[in-house]
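Hi,

Here is the structure I promised to send over. Have a look at it first, and my notes on the salt bridges follow below.

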Amino acid sequence: MRVLIMSYHLQSHHLRAAEKLVAQAHAHGGLAPLDIKKFWEDDAAAHRDYFGKDCPQVPLGINMAQDCVFTELGVAPDWYRMVHDEAYQLPLNKRYNDRAEQIVGRRLLNETPANPAHRWPGIKQLHDIFEAQNVWNVDSYWLMESAHNADELQALL
């Protein structure tokens, strides 16, 4: 038995519309029916004039990040390699893009190797300035303490 508590604003026709959308998604492999070609055309138009009277939709304001790759592909997460090893990252991006293209009509992640000649030289970061260690820990860098009292901090500054 399903118990439904409806708010003042939620009406039974809202629930019927949601149930219809869910049924359509189930019938299409979990995806809501969408004209992908029209979506991307409308998105391009929305980006040209997002406050215009004829703006067909809210422009998609995100770029895809690699956060979803491991779960989508069923691969054990290895963020250090994802961040530091292009030979590891790019094939995963390609596999992800093969799926994304079927679903959303676009390849969303970069698959092109970086050109070493186009890389900027490294810049000093906080750990350089404060003579601290920058340690990879739990999927990100952690800045380690380098001063333990006011005198040590003043010496660093």
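Is Arg81 buried, exposed or partly exposed? With a relative accessible area of 36%, Arg81 is partly exposed; here buried means under 20% relative accessible area, exposed means over 50%, and partly exposed lies in between, using a 1.4 Å probe and protein chains only.

Before the rest, a word on the source. This is a predicted model, in which local features need pLDDT of at least 70, side-chain atom pairs count only at pLDDT 80 or more, and totals for chains, interfaces and linings use all residues. Residues are numbered from 1 along each chain as its sequence is written, and side-chain values use heavy atoms, with hydrogens and water left out.

Now to the pairs. Side chains of opposite charge can pair when their charged atoms come close. I call it a salt bridge when a side-chain nitrogen of Lys or Arg lies within 4 Å of a carboxyl oxygen of Asp or Glu. That rule gives a count of eight salt bridges.

One of them links Arg81 to Asp85, with 3.4 Å between the closest N and O atoms. Asp85 is also partly exposed, at 26% relative accessibility.

Through shared partners, salt bridges join Lys94, Asp98, Glu101, Arg107 and Glu111 into one network. As for accessibility, Arg107 is partly exposed at 34%, Asp98 at 33% and Glu101 at 41%.

Best wishes
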